[in-house]
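Work through the exercises below with the sequence and the structure open. Each task is followed by a solution in steps.

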Amino acid sequence: MQKLSIAALISTVCTLALVPMAVQAETNEQQPIAIAIHGGAGTITRENMSPEREAQFKQALQDALDAGYAILEQGGESIDAVIAAIQLMEENPLFNAGKGAVYTYTGEHELDASIMRGDTLDAGAVSGVKTVRSPIALVRAIMENSRHVMLSGAGAEQFASEQGLERVENSFFNTEHRYQQLERALEQLREQEKTGDHIAYQSNWDPNFNMGTVGAVALDRQGNLVAGTSTGGMTAKQYGRIGDSPIIGAGTWADNSSCAVSATGHGEYFIRFHVAAAICSRVKYLGESIATAGEYVIHDTLLPAGGTGGVIILDRDGNVSMPFNTEGMYRGSKVNGKVTIGIYQEEE
Ligand code: ASP
């Protein structure tokens, strides 16, 4: 009797201890995991893309998705997934971020990046760094280990060194195809100066000069959203120009109560229309789906004003929306194991 009741007691205690764990595990298993990425938006058409180049981009997107998703699948955090995906693209010269970043007017590279967590609304951002190999790693360090949200230039580089992050020569980011873009852009700017058209970047500006910004949004088993963006900005940018990518709310936003967004496009417009936060505010306050909110901001607001580009959006249910108002946007998502990769318009 005595023995039995002890056995019963042990069994009850074990059951009580195990039930919450089982429920917890079940809850986590039911929580969708997802990652979406972009590699820039612009005039990308089948006609001006060779099959080899298309295959290279698709492979790069697949690799970045897989790297981020593997972390989520192992129960890792969305912040680590976002960083892993973006770092692969920063290292790939195909993209305008890290190696392969565009050139400034004076022939250098100035990199911008930002990151935001949807659970705490913590954020980190950096603009105009010239020697930090991985700007996305730097913004994470700024978010986690500094008293500030946004750092710039030399101070940000000093902080990177203090954090033990890798510094490189500015020439590390050089690529021949970006240099040729700079030459074409400078030629165009000189033409505009001659004709007195100083609205550079607005009229006749080839949007492909800036294309290739990278970004990622992810959702982990804990239900946390994170968004991150990294870029070299705009070809031939001058006077320490800062785009939308490092501006929290413009190029990057994450809030567990609405959605996570990373943007790419003509930064001046994305800043003025506060694109990433505007989308999530519509979801939060108007109860719109991410698809409706994204459509409204990208097509009905930005485009009529002259702003070109796109966004990737992810919500806590693992829904992904990737609207853009340009001919193409390098993009991809992996949701509960299902992969989608697209470049052109009709591939939604
Ligand atoms: N949004 C970036 C910027 O304006 C460029 C891009 O995404 O193409 O700096």
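**Exercise 1: an open sheet**

Four strands form an open sheet in the order 7-8-9-10, with antiparallel pairing. The model is predicted, so local features need pLDDT of at least 70 and side-chain atom pairs count only at pLDDT 80 or more, while totals for chains, interfaces and linings use all residues. Residues are numbered from 1 along each chain as its sequence is written, and side-chain values use heavy atoms, with hydrogens and water left out.

Solution. 
1. Two strands pair if DSSP finds at least two bridges between them.
2. Strand 7 and strand 10 (320-321) are the edge strands, since each pairs on one side only.
3. Strand 9 (residues 309-314) and strand 10 run antiparallel and are joined by two bridges.
4. For a pair to locate on screen, take I313, which stands opposite S321 in strand 10.

**Exercise 2: the surroundings of strand 11**

Task: Find how many residues of strand 11 are buried, and what the bridge partners of V335 are.

Solution. 
1. Apply the cut-offs: buried means under 20% relative accessible area, exposed over 50%, and partly exposed in between (1.4 Å probe, protein chains only).
2. In strand 11 (residues 328-335), eight of its eight residues are buried.
3. In a regular strand, side chains alternate between the two faces of the sheet.
4. Sort the residues by side: G328, Y330, G332 and K334 lie on one, M329, R331, S333 and V335 on the other, and both faces are covered.
5. Strand 1 (residues 34-42) runs antiparallel to strand 11, with seven bridges joining them. A34 has V335 as its bridge partner.
6. Strand 12 (residues 338-344) is also antiparallel to strand 11, through six bridges. Here V335 stands opposite K338.
7. Strands 11 and 12 form a hairpin with two residues between them, and N336 in the turn has a positive phi of about 45°.

**Exercise 3: the disulfide**

Task: Which residues form a disulfide, and what is its handedness?

Solution. 
1. A disulfide is a covalent bond between the sulfur atoms of two cysteines. The criterion used here is a pair of cysteine sulfur atoms within 2.5 Å.
2. By this rule there is one disulfide.
3. The partners are C259 and C280, with their sulfur atoms 2.4 Å apart.
4. The torsion about the S-S bond of C259 and C280 is about -120°, so this disulfide is left-handed.
5. C259 lies in the loop between strand 7 (252-254) and strand 8 (260-265), and C280 in helix 8 (residues 275-286), so the pair ties together parts that are 21 residues apart in sequence.
6. C259 is buried, with a relative accessible area of 0%. C280 also counts as buried, at 1% relative accessibility.
7. The loop between strand 7 and strand 8 also holds N256. N256 is buried at a relative accessible area of 13%. Its side chain makes a polar contact (a pair of N or O atoms within 3.5 Å; within protein, one must be able to donate a hydrogen and the other to accept it, and residues adjacent in sequence count only if both atoms are side-chain atoms) with the side chain of N224, at 2.7 Å.

**Exercise 4: the ligand shell**

Task: Which residues surround the ligand, and how do they divide by class?

Solution. 
1. The ligand is surrounded by N210, T213, G233, R241, G243, D244, S245, T264, G265 and G267.
2. Ala, Val, Leu, Ile, Met, Phe, Trp, Tyr, Cys and Pro count as nonpolar, Asp, Glu, Lys and Arg as charged, and the others, Gly among them, as polar. The shell has no nonpolar, eight polar and two charged residues.
3. A side-chain N or O atom of R241 is 2.8 Å from an oxygen atom of the ligand. For the side chain of T264, the distance from an N or O atom to a ligand oxygen is 2.7 Å. A nitrogen atom of the ligand lies 2.7 Å from a backbone N or O atom of G265.
4. The ligand on its own has 270 Å² of accessible area (Shrake-Rupley method, 1.4 Å probe; for residues, only the protein chains shown count as cover), and the protein covers 99% of that area.

Definitions and conventions: Near = heavy atom within 4 Å.
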